[in-house]
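Please read it alongside the sequence and coordinates.

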Amino acid sequence: MKNQNKFNLLPLSPTVDKVGVEERVSRFQKRSIKTNSKMDGLKMVLNMIDLTTLEGKDTPGKVRQMCYKAIHLHDSFPGLPTVAAVCVYPSMVGLAKSMVKDSGVKVASVSTAFPSGQAPLDVKITDTKYAVEQGADEIDMVISRGKFLAGEYSFVFDEIAQIKEVCGEARLKVILETGELATLDNVRKASDLAIYAGADFIKTSTGKIQPAATMQVTYTMLMAIRDYYDETGIMVGMKPAGGISNSKLALHNLVMVKELLGDEWLTNEWFRFGASSLANDVLMQILKTDTGKYQSSDYFTID
Amino acid sequence: MTSKNKNWEYSPSLESTGHIKLKKKYDLFINGKWTKSSSKKYFKTINPNDEKLIAEISHANQNDVDLAVKSARKAYDTVWSKMPANERGKYIYRIARIMQERAKELAVIESLDSGKPIREARDIDIPLACNHFFYYAGWADKLDYAFPNRKISPLGVAGQIIPWNFPLLMAAWKIAPALAAGNTVVLKPAETTSLTALKLAEIIEESGLPAGVVNIITGHGDTGASIVNHPDINKIAFTGSTGVGKIIQKAIAGTDKKATLELGGKSANIIFDDAPLDQAIEGIVNGIFFNQGHVCCAGSRLFVQENIADKVIRKLKHRMKSLVVGNPLDKNTDVGAINSKDQLQIINKYIKLGKKEGAELYQSTCSIPKKGFFCPPTIFTNVAQSSILVQEEIFGPVLTIQTFRTVDEVIQKANNTPYGLAAGVWTDKGARIFNLTTKLKAGVVWANTYNKFDPASPFGGYKESGFGREGGMHGLSAYLKLS
């Protein structure tokens, strides 16, 4: 059965109560993460980062440097993991791939007329094909928010399903751009839609729109993943992106994943952070935990 | 690189106790002075987490109660009833502010003495207790506006007896409106949780409140009985079990004592199929496992619409996995220690009974500390309306789950109990909420939330859950003669 035909299997999404979600999220934020669990958590965060540069002004030089940093986060402190992946535009995929080689760091490419998604389907397919051919391990697509908000759910569903077919071996992350979806009910509906259409990962945002990965939104998406797992036994990954710039918030996200989905999801196979500045804050925290001193940001490289 | 992580556990994160000040022995706070009991007897208060002694508490006898009532009467006659209302308000504000300054110390002591998680003491009990004082301080000079065109006067001396589940909060619920309305007070905390009331006595001392306006005496049931039976007390305010409430009601029959009784409950929490399910699960957890289920309005009877019952139970079991049971002083603890050995025995007796009645038991799989009084979060499915487990108040982290098909059925079943304290309704449909709130015989009905309290909101019960209201303007009228 082609994925498009599965639209009829899409269940009715449950309602989401915003006040209740806020209350639940505040409980994750009250978890106290100290000593060993803090250190383990911070290293886990590093290992889950998709180090990202998605600017019109990106240069091969910048991408090359970011790829080096992805593997060598802070060489003066031994025992650190690499990040999970680098995330770039399709035009930079080939270069990035040649840089990360067999380090284990994956190359993710945005596609489908990122960030707006305002292009016809055949352009989106060509965009995705190109990224895959260049060697992308992962595709971060955007949904057509306009169509979704207009209630054309089957259109959005079919689009995701067709991109999934083009991806081949590459894992598909579906960006909902929750900042444009307005309500948590919509976030839940879009999550269900993306998951049933074949997403390997669901992702909050492009990073170009605010608000991005709030914990309320991530919570709502994690519950969609939980329900799908309970129904089918299939795991789907989660990637909050945009707005997670400090260690504390990242750790609270891990707490949330642990308590809602379980420890199985606490690897970079199933959970990612899309972030550009998070890595350095985590490094600063790790070194502080180790030395007891906060160091100046001058000791941490920007790319 | 894909790393395989071992399970990520939270390291212990204990709240420090270095900053708290506790005496080894506590006497009675009568007429503004720390007074030795004429009984010369002391009893022990222990930490339910490790069963270690925290302090010794004085056991007040009849003579001590006489002395306390006498000093309350004198303070009423000579100072408190004559003081301008705005001055009265200033004292209550001052108490509120000092409590707020010492919030951290109060939270730690509350957690140590009662077994409740530090998170709850810190975020709920203590801030709410402060807020009650602030709220009623504001009313002190505005009573005429609360009851327009009525002649108001205070009642006199109030005897107040409070339970062990929310020790400082209940003291605040009782003392703040009584003082704002111009009464003086003799208050007895529960024997297992006297410490924060005694700390409140220190705060009252520091506030400069005139001697005798608030007297805090400690002791067991006999001390409470002496208060209830004292001829010079004008009003009894009691929060506790329905059994004791009935005894009090009998004891004051034929006297002109006024009373408010806030008693037990077996409240229904009702989930409809259109409810925001994951938030409803939180409401179930918050309804029954908050404060180890030692909550008079706990949502201890869960009613789930039958077409979502399996899903709700599955989700609830999953949620229970992430509840941390353990040392109340750990900031990550969700469910702390049962308040006393006696209470743990009562709860265990009911769990045993539930199994005997043929109900299906599920308990959290979390590790439980070996020492201290602990009970894992527990749910029973396959129970009947006629099961004793469904009928009687357990006052512990034990939930019974029943299913229903129609709205009428669930209203009937929810009301089919001698109690009537609270209820919860979970649905996305506004009309259904209003329909149920008018038909459920409960003092409080929460919609799409549970166990929410606010000083401005009245609280109290129907039927055997008691009478009279605490909180809000209703709480004031319970301490005033209105004519």
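Is B:Asn451 buried or exposed? With a relative accessible area of 6%, B:Asn451 is buried, where buried means under 20% relative accessible area, exposed over 50% and partly exposed in between, using a 1.4 Å probe and protein chains only. The model is predicted, so that local features need pLDDT of at least 70 and side-chain atom pairs count only at pLDDT 80 or more, while totals for chains, interfaces and linings use all residues. Residues are numbered from 1 along each chain as its sequence is written, chains are lettered from A and ligands numbered from 1 in the order in which they are written, and side-chain values use heavy atoms, with hydrogens and water left out.

**Domains and sheet of chain B**

Chain B is divided into domain 1 (25-263 + 463-482) and domain 2 (268-447), with bounds that come from an automatic or database domain assignment. The centres of these two domains of chain B, taken over C-alpha atoms, are separated by 30 Å, and 30 residues of domain 1 are in contact with 32 residues of domain 2, contact meaning heavy atoms within 4.5 Å.

In chain B, seven strands form an open sheet of mixed pairing, in the order S14-S15-S16-S13-S12-S17-S18. Helices (H or I, at least four residues) and strands (E, at least two) are DSSP runs numbered from the N terminus, and two strands pair if DSSP finds at least two bridges between them. The edge strands of chain B, S14 (360-363) and S18 (444-447), each pair on one side only, and the twist from one strand to the next averages 20°. Strand S17 (residues 422-426) of chain B pairs with S18(B) in the parallel sense over four bridges, and B:Gly424 has B:Trp446 in S18(B) as its bridge partner.

| Helix of chain B | Strands touched | Angle between directions |
|---|---|---|
| H10 (residues 277-289) | S12, S13, S15, S16 and S17 of chain B | about 170° with S12(B) |
| H12 (residues 341-356) | S14, S15 and S16 of chain B | about 25° with S15(B) |

**Nonpolar cores**

A nonpolar core is a set of buried Ala, Val, Leu, Ile, Met, Phe, Trp, Tyr and Cys residues joined through side-chain atoms within 4.5 Å. The largest such core has 109 residues, and those with the most contacts inside it include B:Met99, B:Phe133 and B:Leu179. Helix H6 (residues 167-180) of chain B gives the most to this core, with eleven residues, and the core draws at least three residues from each of domain 1 and domain 2 of chain B. Apart from it lies another core, of 94 residues, with A:Phe28 and A:Leu254 among them.

**Cysteines and backbone geometry**

A search of the whole structure finds zero disulfides over all chains, a disulfide being a pair of cysteine sulfur atoms within 2.5 Å. A:Cys67 is in no disulfide, as the nearest cysteine sulfur, that of A:Cys87, is 11 Å away. The sulfur of B:Cys366 lies 9.8 Å from the closest cysteine sulfur, in B:Cys375, and is therefore too far for a bond.

Most residues other than glycine have a negative phi, and most peptide bonds are trans. B:Asn451, however, has a positive phi of about 55°, and A:Glu177 has a positive phi near 50°. The peptide bond from A:Phe114 to A:Pro115 is cis, with omega near 0°, and the bond from A:Gln210 to A:Pro211 is cis, with omega near -5°.

Conventions. Axes are lines fitted to C-alpha atoms, for helices over the stretch in contact, and angles run from 0 to 180 degrees between N-to-C directions.
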